[in-house]
Number of protein chains: 2
Amino acid sequence: MSMLSETPMMPGQVLARGVCRHLASLGFAPVEEFVPERGRRVDVMALGPKGEIWVVECKSSRADFMSDGKWQGYLDWCDRYFWAVDEAFPTDLLPEGTGLIIADAYDAEILRMAPEAKLSGARRNALIRRFATHAARRLHALRDPEARLDAWG
Amino acid sequence: MSMLSETPMMPGQVLARGVCRHLASLGFAPVEEFVPERGRRVDVMALGPKGEIWVVECKSSRADFMSDGKWQGYLDWCDRYFWAVDEAFPTDLLPEGTGLIIADAYDAEILRMAPEAKLSGARRNALIRRFATHAARRLHALRDPEARLDAWG
């Protein structure tokens, strides 16, 4: 049984699950709820086979999208930026120059590839290191839930 | 309950658990059974707060140590290399120029710090990217066990 299914998922998390499955099928390694810098949290960040970094924000409704005043700040933390929405979402709302993924709980499809704006080498390396630390710590916490992981800071 | 406790742990894995707890307390993010390159698998690799990479091989007995003909190959994949053994292990066997950790299932302690042999920047970045991919994929598989993760290659 899925560990996620033990607590009900929020609508955005349902989309994120399908997005992560699709990204994995493309050879990407995804993590959810990644914090690229203090005060920012992206729904999905994925690391590609050539070190590419993609960010996907999952929007479950028009209201969810309209209340997001932060998304432009995420553009600086990825090579390509996508929205993921369900089939009912009014995609005309979404800004140009971004990618579009249609998702459900089980899978997803890239409808419009995001344009590429390559990160600098230094930022990419710093981001991959942070991604590595985040993923390893969360993995450790799942594998050994009795560990006292106080030192995360 | 620990996910690991669902299947009995091998003696080396018991030590690895204590090692990972201690490394986490030092601010490192550990992963177990990491493959730095095809054909090599290290018991524990940990990424430090400054991007340091430590490798720890866990040896449960003299026989376990004596049968390891590969360890010198691991030196090229870390900044510091350690052995982790239990209190009963005959530590005189262990080669000079390596670190020593005494571990049990619950915690560990560094008895002798390993000398530092710094990785090149290019190898460090490649290794951290591989570590990130490994940790994110294993995390994804635990979070969404029903995902078909065929594309890992």
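This is a predicted model: local features need pLDDT of at least 70, side-chain atom pairs count only at pLDDT 80 or more; totals for chains, interfaces and linings use all residues.
Which residue in strand 5 of chain B is the bridge partner of Val85(B)? The partner is Ile102(B).

**Chain A overall**

Chain A holds four helices and six strands. Read from the N terminus, its elements follow the pattern α-β-β-β-α-α-β-β-β-α. Of the 153 residues, 51% count as buried. The accessible surface of chain A is about 7,500 Å², and carbon and sulfur atoms account for 50% of that area. Contacts reach along the sequence too. Among those in chain A between residues at least 6 apart, 55% join residues at least 24 apart.

**The sheet of chain A**

Six strands of chain A make an open sheet in the order 1-2-3-4-5-6, with mixed pairing. Strand 1 (29-34) and strand 6 (108-112) are at the edges; each has a single partner strand, so one side of each lacks a neighbour in the sheet. From one strand to the next, the twist averages 30°. Strand 5 (residues 99-103) and strand 6 of chain A run antiparallel and are joined by four bridges. Here Ile102(A) stands opposite Glu109(A) of strand 6.

**The sheet of chain B**

Chain B has an open sheet of six strands, ordered 1-2-3-4-5-6, and its pairing is mixed. The edges are strand 1 (29-34) and strand 6 (108-112), each with a single partner strand, so one side of each has no neighbour in the sheet. The twist averages 30° from one strand to the next. Strand 4 (residues 80-85) runs parallel to strand 5 (residues 99-103) in chain B, with four bridges between them.

**Helices on the sheets**

| Helix | Strands | Angle to strand 1 |
|---|---|---|
| Helix 4 (residues 121-143), chain A | strand 1 and strand 2 (42-47), chain B | about 75° |
| Helix 3 (residues 121-143), chain B | strand 1, strand 2 and strand 3 (53-59), chain B | about 80° |
| Helix 4, chain A | strand 1, strand 2 (42-47) and strand 3 (53-59), chain A | about 80° |
| Helix 3, chain B | strand 1 and strand 2, chain A | about 75° |

Helix 4 of chain A touches strands of chain B, and helix 3 of chain B lies across strands of chain A.

Key
Residues are numbered from 1 along each chain as its sequence is written. Chains are lettered from A and ligands numbered from 1 in the order in which they are written. Side-chain values use heavy atoms; hydrogens and water are left out. Two strands pair if DSSP finds at least two bridges between them. Helices (H or I, at least four residues) and strands (E, at least two) are DSSP runs, numbered from the N terminus. Axes are lines fitted to C-alpha atoms, for helices over the stretch in contact, and angles run from 0 to 180 degrees between N-to-C directions. Contact means heavy atoms within 4.5 Å. Buried means under 20% relative accessible area, exposed over 50%, partly exposed in between (1.4 Å probe, protein chains only). Accessible areas come from the Shrake-Rupley method with a 1.4 Å probe; for residues, only the protein chains shown count as cover.
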